[in-house]
Amino acid sequence: MEGPPIWQRLLAALAYLLPLSDALRFGQSLFAMFPLLQWFALPALPLVVLERAVPFGGLVLFLLLFLLVVRNPRVPYGIRFNVLQAILIDIVLVLLTLAFDTVLAPLGGGFALRTLSNTIFLGTLLLVLFAVVQTLRGKEPDIPTVSEAVRMQLY
């Protein structure tokens with residue numbers, strides 16, 4: 001078997017629970033229409049509970065992952081790459097959450113807003129599934145712009 005050992009692949013794939021947990025809020029209307037989609041939320045639920053139980057849990061988790069994993073040269077490159085990529089995707093989702101809460105929420109929950117929210121959730125779900133599959137195969141998930149930014153930070 002070529003590539004990183006299976007334990008490194010599994011740890012690297014776990015990193016993508018971070019953006020999935022933050023994307024769940026965008027899928028609420030989809031979960032109501034298609035209850036089977038809730039199965040995709042199950043792996044991220046422990047992370048959601050942890051983030052809500054600890055004050056500033058999301059920030060604490062971000063700092064821990066960044067300082068203890070990404071900036072630690074003793075951690076294998078594949079794990080560092082995937083964790084940083086998951087963090088960057090999560091940062092985009094946090095910014096989208098802020099935009100929704102401050103700009104779009106006062107407009108109400110109309111059809112266009114639900115459609116945009118569903119699109120963000122489905123896009124994130126597909127991105128996470130792609131990244132997890134590629135990681136478990138032992139390959140770097142190449143996401144345009146994000147992967148390039150990660151490589152610049154790690155080298």
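I use "buried" for under 20% relative accessible area, "exposed" for over 50% and "partly exposed" for what lies in between, with a 1.4 Å probe and protein chains only.

I am working on a predicted model, in which local features need pLDDT of at least 70, side-chain atom pairs count only at pLDDT 80 or more, and totals for chains, interfaces and linings use all residues. Residues are numbered from 1 along each chain as its sequence is written, and side-chain values use heavy atoms, with hydrogens and water left out. Helices are DSSP runs (H or I, at least four residues), as are strands (E, at least two), numbered from the N terminus.

**Entry 1, Gln-134.** I looked up Gln-134, which sits in helix 7. Its relative accessibility is 13%, so Gln-134 counts as buried. For contacts I take heavy atoms within 4.5 Å. With neighbours within four places in sequence left aside, Gln-134 is in contact with Lys-139, Glu-140 and Pro-141.

I then checked how helix 7 (residues 111-136) packs with helix 1 (residues 6-14): the angle is about 170° and the axes are 8 Å apart. Here axes are lines fitted to C-alpha atoms, for helices over the stretch in contact, and angles run from 0 to 180 degrees between N-to-C directions. Helix 1 is therefore roughly antiparallel to helix 7. The classes are: under 35 degrees roughly parallel, over 145 roughly antiparallel, 65 to 115 roughly perpendicular, and the rest oblique. On the helix 1 side the contact is made by Arg-9, Leu-10, Ala-12 and Ala-13, and on the helix 7 side by Val-132, Thr-135 and Leu-136. I sorted the residues of this contact into 5 nonpolar, 1 polar and 1 charged. In that sorting Ala, Val, Leu, Ile, Met, Phe, Trp, Tyr, Cys and Pro are nonpolar, Asp, Glu, Lys and Arg are charged, and the others, Gly among them, are polar.

Pro-4 is in the segment before helix 1. At 27% relative accessibility, I list Pro-4 as partly exposed. Apart from neighbours within four places in sequence, Pro-4 is in contact with Arg-9 and Gly-138. I also took the C-alpha to C-alpha separation of Pro-4 and Val-48, which is 29 Å for 44 residues in sequence.

I read a volume of about 490 Å³ for the largest pocket. A pocket is an open set of points on a 1 Å grid over the protein atoms alone, with protein on both sides within 12 Å along at least five of seven lines, whereas a cavity is a set where a 1.4 Å probe fits but cannot get out; lining residues have an atom within 4 Å of a point. Grid points are joined across faces, edges and corners, and the volume is the space filled by probe spheres set on the points. There are 20 lining residues, and the closest to the centre of the pocket are Ser-21, Asp-22, Arg-25, Glu-51 and Arg-52. Two or more lining residues come from each of helix 2 (17-23), helix 3 (28-33), helix 4 (45-53), helix 5 (57-70) and helix 6 (77-104). Helix 6 gives the most, with 6 residues. I count the lining as 11 nonpolar, 4 polar and 5 charged.

Most residues other than glycine have a negative phi. Which way does phi of Phe-56 go, positive or negative? Phi of Phe-56 is near 55°, a positive value. Phe-56 lies in the loop between helix 4 and helix 5 and, at 68% relative accessibility, is exposed. Thr-145 also goes on this list, with a positive phi of about 70°. Thr-145 is in the loop between helix 7 and helix 8 (146-154) and counts as exposed at 59%.

I looked up two residues here. Met-152 lies in helix 8 and is exposed, at 65% relative accessibility. Its C-alpha is 11 Å from that of Phe-81, 71 residues apart along the chain. Leu-154 is found in helix 8 and is buried, at 12%. Not counting residues up to four places away in sequence, Leu-154 touches Val-70, Tyr-77, Arg-80, Phe-81 and Leu-84.
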